[in-house]
There are 2 protein chains.
Amino acid sequence: MIKVLVVDDEPQIARALRINLSAHGYEVTTAADGAQALRAAAAVVPDLVVLDLGLPDMDGSEVIEGLRGWSKAPILVLSGRAASAEKIAALDAGADDYVTKPFDIGELLARVRAATRRSGPGSESPVTAIGPVTVDLAAREVRKDGEEVRLTPTEWQLLEVLLRNPGKLVSQRELLHRVWGPNYDRETNYLRQYMAQLRRKLEADPARPVHLLTEPGMGYRFRP
Amino acid sequence: MIKVLVVDDEPQIARALRINLSAHGYEVTTAADGAQALRAAAAVVPDLVVLDLGLPDMDGSEVIEGLRGWSKAPILVLSGRAASAEKIAALDAGADDYVTKPFDIGELLARVRAATRRSGPGSESPVTAIGPVTVDLAAREVRKDGEEVRLTPTEWQLLEVLLRNPGKLVSQRELLHRVWGPNYDRETNYLRQYMAQLRRKLEADPARPVHLLTEPGMGYRFRP
DNA sequence: TTCGGCCGTCAAGAACGCGTCAAAGGTGTC
DNA sequence: GACACCTTTGACGCGTTCTTGACGGCCGAA
């Protein structure tokens, strides 16, 4: 989840921002003055900072410089002052954007999206570990003892359904529907066929599976 | 020198921007409409684009998407429209900043500085090495054993999508969408054709590719 | 014990997808 | 207008994958 630090001394604005940002899936921390802001930034390490310039204890550029000393997170400045000199000062101090109050909340969210989009995609994909095997669903990559394992498209689909329901029993019907389509209900021989192939490729001892389990009469289960 | 592409159909504004930006040490190219803009962008590969939305031939978001297809350069939008919906649309299309006319030239320059500051030092030499081949995405230059290799525009787009997802499998659908547009879903013969050309130009042994790999039935993958 | 259901395994032909070659449109340049 | 280059389109051989059918083992029920 993307972490946003909101710095504003006016409680109603801070509250409005917290509500709107949370509603859009951001994890929000708030601070009411510059000192709090710097402390909070060090604690939570935000991915983006929304900073009101009219703080009681410090000048806006001081806060920006304090953050820029160690963080590269985008800083989006809010301010009641529309004078160009103010904007220029803030931007040159290290801010990434400058919005004057009153502002449209939709526009602010769009600017937040634009700012996070730039720095965002530096994350790696989650990897599922199955004993000696690692599965990277996003990259579509399977490794067994470091060696690359090739799966066919159908094998991938089947494995993906199981891995996305870890520990849960998935009925044969659901597996058939999600891999082969809604018209397949009774072709359990397909499942037998492909589960065997998956076990052959992923399990240490395919005859005695530990992670890709059969529940006779019901379906199959992936145990992490 | 930082290269800026200015796109504006009003000559006086384009001229004013050119003069001001040049005076501050930027290398400026101008374009008067969307088609010119996209062609100029492909030719000079700018580090930043200043884009007026009121172009005669194309919609603003089209231009933005056309650029975003292959370039990560910051896009600073100029517009006479102050409506929030316009701003949100432009920002979500891929723009980095939105300034309403009339604007203060000092503020614009500050926003240009802020935008270039981000991408400037952060973007470490984006040269990708593929065995005996080096690819410089920013400079649009490919060298094989020191010799320069020429790629067509389509080849560039395809290669860029793959290189920006190192190790990750990119589905044929996504490749078609990002290179040919959202209306192409099943034209996998295009992919076969152009992947073969890329391998012929980049791989040491095009018949046995090591870096541009096929995942049958799924897509293609670039392995560093 | 015998029977029937269910699962794992093996082995075939059928169908599909990929790489390749060749050639026809389209666009800009000289 | 001729030319070169790039894109689009069609067709073919080949390897892989999918589909389908059949067989034997295990287990619970009769």
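Student: How much area do chain A and chain B bury between them, and how much of it is on carbon and sulfur atoms?

Tutor: Chain A and chain B bury about 2,500 Å², with 43% of it on carbon and sulfur atoms. Buried area here is the accessible area (1.4 Å probe) that two parts lose on being put together, summed over both. On the side of chain A, L91(A), R111(A) and R118(A) lose the most area to chain B, together 19% of what that side buries. This is a predicted model, in which local features need pLDDT of at least 70 and side-chain atom pairs count only at pLDDT 80 or more, while totals for chains, interfaces and linings use all residues. Residues are numbered from 1 along each chain as its sequence is written, chains are lettered from A and ligands numbered from 1 in the order in which they are written, and side-chain values use heavy atoms, with hydrogens and water left out.

Student: What makes a residue of chain A count as in contact with chain B, and how many residues of chain A are in contact with chain B?

Tutor: Contact means heavy atoms within 4.5 Å. By that rule, 29 residues of chain A are in contact with 28 residues of chain B.

Student: Why is the meeting of R118(A) and D96(B) called a salt bridge?

Tutor: A salt bridge is a side-chain nitrogen of Lys or Arg within 4 Å of a carboxyl oxygen of Asp or Glu. The side chains of R118(A) and D96(B) meet at 2.7 Å, N to O, so the pair falls under that rule. The count between chain A and chain B is 10 salt bridges. The elements of chain A that give two or more residues to this side are α4 (84-93), β5 (97-100), α5 (105-119), β8 (141-144) and α6 (153-163). Helices (H or I, at least four residues) and strands (E, at least two) are DSSP runs, numbered from the N terminus. Of these elements, α5(A) gives the most, with eight residues. By class, the side of chain A that touches chain B has 11 nonpolar, three polar and 15 charged residues. For these classes, Ala, Val, Leu, Ile, Met, Phe, Trp, Tyr, Cys and Pro count as nonpolar, Asp, Glu, Lys and Arg as charged, and the others, Gly among them, as polar.

Student: Why is D96(A) called buried?

Tutor: Buried means under 20% relative accessible area, exposed over 50%, and partly exposed in between (1.4 Å probe, protein chains only). D96(A) has a relative accessible area of 8%, so it is buried. D96(A) is found in the loop between α4 and β5 of chain A. Not counting residues up to four places away in sequence, D96(A) touches residues including R68(A), L91(A), A114(B) and R118(B).

Student: What makes the pair D96(A) and R68(A) a polar contact?

Tutor: A polar contact is a pair of N or O atoms within 3.5 Å; within protein, one must be able to donate a hydrogen and the other to accept it, and residues adjacent in sequence count only if both atoms are side-chain atoms. The side chains of D96(A) and R68(A) make such a contact at 2.8 Å. Across the interface of chain A and chain B, the rule finds 20 residue pairs in polar contact, both residues at pLDDT 80 or more.

Student: Is R221(B) buried or exposed, and how do you know?

Tutor: R221(B) has 1% relative accessibility, so R221(B) counts as buried. R221(B) lies in strand β12 (residues 219-222) of chain B, and its side chain reaches the backbone oxygen of G167(B) at 2.7 Å. The residues that R221(B) touches include A139(A), R140(A) and E141(A) of chain A.

Student: Which share of the atoms of DNA strand C within 4 Å of the protein belongs to sugar or phosphate?

Tutor: For DNA strand C the share is 51%, and the rest belong to bases. A base nitrogen of DNA strand C is 3.4 Å from an N or O atom in the side chain of Q193(A). The largest share of the surface near DNA strand C, four residues, comes from α8(A).

Note on methods: A residue is near a molecule or strand if one of its heavy atoms lies within 4 Å of it.
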